[in-house]
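User: Hi, can you walk me through this one? I'd like to start with the rings.

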Amino acid sequence: MKNVEVTDLRSALKLIQSIPGEYVETDVEVDPNAELSGVYRHVGAAGTVMRPTKIGPAMMFQNIMGHPDSRVIIGMLASRKRVAALLGTTPEKLGFFLKDAVLNPIDPVDFTGTKVPCQEIVHYSTDEGFDLRKLLPAPTNTPEDAGPYITMGLCYASDPELGISDVTIHRLCLQSNDELSMWITPGARHIGAFYEKAEKLNQPLPISISIGLDPAIYLASGFEPPTTPIGYNELACAGAIRQKPVELCNCLTIPEKAIANAEYVIEGELIPHERVPEDRSTGTGKAMPEFPGQTGPAPMVPIIKVKAVTHRIRPIMQTTIGPSEEHVHMAGLPTEASIISMVERAMPGRLLNVYAHSSGGGKYMAVLQFKKTVPSDEGRQRQAALLAFSAFPELKHVILVDEDVDPFDSNDVLWALNTRYQGDIDTVCIPGVRCHPLDHTQETSYNPMIRDTGISCKTIFDCTMPFASKNYFERSRFLDVDPAHWLPDLYR
């Protein structure tokens, strides 16, 4: 692996190209309408995507139908090993690495160069023939999608009263030649709070959308309250990851900032009090596949009126498949870091690791590896699970395992479930708690007993050994040897 300093998407690509098996590309023409995602489903999507799928390399499409001057990269963050390489750490330590970064922020700074990279080419919405659908090779995940989607667009906006800024990622559907729709998870995003304030003031909210970025920026943007409350700009966490501040530029048509070295930047305004069906352009009745692996209905969503699109020469559109392993890491790694941070403050040294499991899309399920060292630690593992729910409100299930169980190995976790768990005494149910609105089991049609859509029963599965009888549950101890002595070609 080459010693490459990652400062943007292009340097990140150079790094993964130097690692065998982490990057592939094709010059064969591909249709961005469902075909591109259909290809990558087989190559490396994984996550909660319907099988057959697998974890695989990132893939560059060099020949996009209808977009001769653009390229599309997909799956940059769809492998935990690849994410670790891009951040300069190890796969099992990613949660701890991000936890330290969020606690040691380095604030973004203004770009000081002569030519802003993301503004090499500028298209104004007043230009004749301006059309987002021709400028942006935004794919659809499936033939049923509400339209082409920007899935890796980093939205940057500021509180209209306080002036504090924040970044989040939202699904953005191309609706017309100069309009995007934006889905905002109710109550879960800072930019949503900024937009609510702007609506009360009857004014639009300036917003920039940066696409094609240093992976550190995408991962940092996944942090949520309480780990990063309003007033904490997650770009400062990205700065800590790189030990170098993120550089911002002034937008050309709105009073807002954007990521200076992005591949694309869209400048626009969130229009107050205006909502449209997300499938307005297609009438499919559906939105796009989201992290649980299902395609939900198209709700009423706000509209962004686009003022300009700027980009680099021969830009790279970065995209992801909604339910893929890439989403697992963008959502799940900040989840792991948030849980580690909260539990470590309450009971230092007992939580060994956390895995935001792929089957929950990085949001619904976490496996906590907990070590009991003294009799009074019995019961603390369940306290750690309660803290995990507090650290990440969208978490639905927590599985607790001992230090001899690998939380990243699903077979090992299920072994603990089968040998150290009894449903009637080791299950803790917490009903009536709000979780995530994309979970269809949290609808009154599924459970008439819940008070509102999005209400869930959070559950703890305690698969840890009782401390008082650990000797009955200990695993067989094998002789610890180095297999390289016998098979040097396989284990060197």
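This is a predicted model: local features need pLDDT of at least 70, side-chain atom pairs count only at pLDDT 80 or more; totals for chains, interfaces and linings use all residues.

User: How are the rings of F291 and Y364 arranged?

Analyst: Their centres are 5.0 Å apart and their planes meet at 70 degrees. Over 60 degrees counts as edge-to-face, so this pair is edge-to-face.

User: Where do F291 and Y364 sit in the chain?

Analyst: They link distant parts, 73 residues apart. F291 is in the loop between β15 and β16. Y364 is in the loop between β19 and β20.

User: Which charged end sits over the ring of F291?

Analyst: That of K363, 5.8 Å from the ring centre.

User: How many aromatic pairs does the structure hold?

Analyst: It holds 3. One of the aromatic pairs is Y421 with F461, which is tilted. Their centres are 6.1 Å apart, with 50 degrees between the planes. Y421 is in the loop between α11 and β22, and F461 is in strand β23.

User: Is Y421 buried or exposed?

Analyst: Buried. Its relative accessibility is 18%, and the cut-off is under 20%.

User: Where does α9 bend?

Analyst: At G332, by about 30 degrees. A proline, P334, follows within four residues.

User: And how many residues of α9 are buried?

Analyst: 19 of the 22, so α9 is largely enclosed by the rest of the structure.

How values were computed
Residues are numbered from 1 along each chain as its sequence is written. Side-chain values use heavy atoms; hydrogens and water are left out. Rings of Phe, Tyr and Trp (its six-membered ring) pair if their centres lie within 6.5 Å; planes under 30 degrees apart count as stacked, over 60 as edge-to-face and the rest as tilted. Helices (H or I, at least four residues) and strands (E, at least two) are DSSP runs, numbered from the N terminus. Buried means under 20% relative accessible area, exposed over 50%, partly exposed in between (1.4 Å probe, protein chains only). A charge sits over a ring if NZ of Lys or CZ of Arg is within 6 Å of the ring centre and within 35 degrees of the ring normal. The bend at a residue is the angle between axes fitted to the seven residues ending there and the seven starting there.
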